[in-house]
Amino acid sequence: MDRIDFRSDTVSWPTPAMREAMAQAKVGDDVYGEDPTVRELEALAAEMTGKEAALFVASGTMGNLVGILAHAGRGDEAIVGQDAHTYLYEAGGMSTLGGIFPRVLATDDMGRMDITAVETAVSPDDAHFPQTRLILVENSYGSKGGYPLPPAYFADIRAVADRHGLAVHMDGARLFNAAVAQQIPAADITQHVDSVTFCLSKGLCAPVGSVLCGSAEFIRNAHRMRKVVGGGMRQAGVMAAAGLISLRQMVDRLADDHQRAQKLALGLAQIPGVLVQPEMVKTNMVFFNLAPDVPILADVITEAMQQRANIWVGPTGWRSFRAVTHYWIGDQEIDLFLDTLRAILAEA
Ligand code: TLP
């Protein structure tokens with residue numbers, strides 16, 4: 001890459017093997033369902049998540065939106081965590097386009113909603129209330145340090161959903177990070193949800209794309225919704241070819257990203273002026289803060305990191321940051337990050 005970029009795993013460039021596969025990809029018109037490479041990707045995605053069918057979409061946001069629209073409609077209610085990506089960072093799509101009312105619940109420091117609170121939030125069948133149709137969950141949980149939530153939590157959510165006839169959709173943008181961190185197959189997690197979106201374009205390095213997975217009937221419905229939002233693509237096999245490499249070659253190596261995030265967190269904990277909780281770092285994200293006595297703000301530090309070492313890191317507030325590891329971040333880059341930040345803080 002042309003810079004050392006810790007702002008997200010979304011910044012990761014496709015690997016040489018992906019570029020080669022993209023150049024060679026067999027293609028067809030995917031709106032007609034005729035692109036063989038897209039079909040192959042969808043079949044593999046369905047298999048890996050333990051679902052009947054899958055749909056290739058342009059982004060995680062599109063996968064979540066299309067999934068939500070396939071489960072619920074105008075006047076329906078979706079229970080969602082207060083800092084879930086689907087609630088906070090997707091431009092309010094479920095309400096803007098679906099007329100779906102979010103019922104927002106608190107989450108704990110791993111991103112879990114309290115199960116009793118979830119059940120209490122389900123509206124009774126009474127004309128005063130929107131009808132609860134859907135519970136939205138996320139794994140790994142981006143706003144809580146990328147924490148990988150265990151299958152047991154989703155089993156509890158499933159039990160509530162079943163008692164009240166609700167659907168469960170998972171934003172699994174980083175599903176495979178959550179699975180690899182727990183050393184379990186992704187399907188152990190997704191067995192408890194009706195549908196899941198996962199991203200190929202984050203830690204799995206593909207340039208574009210996500211996959212929505214669920215029952216055959218659900219995916220038929222989602223296919224129509226993808227058309228509604230203009231997401232029907234044509235010779236999309238060029239992109240799906242990279243996605244196949246993601247699923248076949250890039251999943252197990254996510255453990256390297258997790259190890260490097262741990263190394264970064266442990267290194268940060270040794271730098272005076274930095275506050276970090278390495279024990280909360282389980283996947284590829286490290287959130288850290290400046291101690292109250294540090295006299296400079298996050299934007300000054302991110303600018304200095306760029307100037308001195310071409311290192312890009314994202315501020316998440318005046319005194320806080322997120323650093324994300326991925327395929328293009330190696331051990332040397334972690335060391336350089338730590339040395340550069342240590343020097344900047346020592347001079348502040
Ligand atoms: N997340 C991005 C930003 O939007 C915050 C990032 O850099 O982490 N679900 C989760 C949990 C995500 O983190 C993201 C992207 C999405 C969905 C949306 O995926 P895209 O960007 O493909 O629409």
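View 1. A disulfide is taken here as a pair of cysteine sulfur atoms within 2.5 Å, and the structure holds zero disulfides. Cys213 has 0% relative accessibility and therefore counts as buried. Cys199, at 3% relative accessibility, also counts as buried. Buried stands for under 20% relative accessible area, exposed for over 50% and partly exposed for values in between, with a 1.4 Å probe and protein chains only.

The model is predicted: local features need pLDDT of at least 70 and side-chain atom pairs count only at pLDDT 80 or more, while totals for chains, interfaces and linings use all residues. Residues are numbered from 1 along each chain as its sequence is written, and side-chain values use heavy atoms, with hydrogens and water left out.

**View 2. The open sheet of seven strands.** Pairing in this sheet is mixed, and the strand order is E2-E8-E7-E6-E5-E3-E4. Strands E2 (53-57) and E4 (101-105) are at the edges with a single partner strand each, so one side of each has no neighbour in the sheet. From one strand to the next, the twist averages 20°. Strands (E, at least two residues) and helices (H or I, at least four) are DSSP runs numbered from the N terminus; two strands pair if DSSP finds at least two bridges between them.

View 3. Five bridges link E2 and E8 in the antiparallel sense. Ser210 in E8 is the bridge partner of Val57. Five of the five residues of E2 are buried, so the strand is largely enclosed by the rest of the structure. Ala53, Leu55 and Val57 point one way from E2, Ala54 and Phe56 point the other way, and all are buried.

View 4. E6 (residues 167-172) and E7 (residues 195-199) run parallel and are joined by four bridges. Asp171 stands opposite Thr197 in E7. Helix H3 (residues 60-71) packs on the sheet and touches E2, E5 (131-138), E6, E7 and E8 (210-214); its direction makes about 180° with that of E6. Helix H7 (residues 151-164) also packs on the sheet, where it touches E5 and E6, and its direction makes about 175° with that of E5. Contact means heavy atoms within 4.5 Å. Axes are lines fitted to C-alpha atoms, for helices over the stretch in contact, and angles between N-to-C directions run from 0 to 180 degrees.
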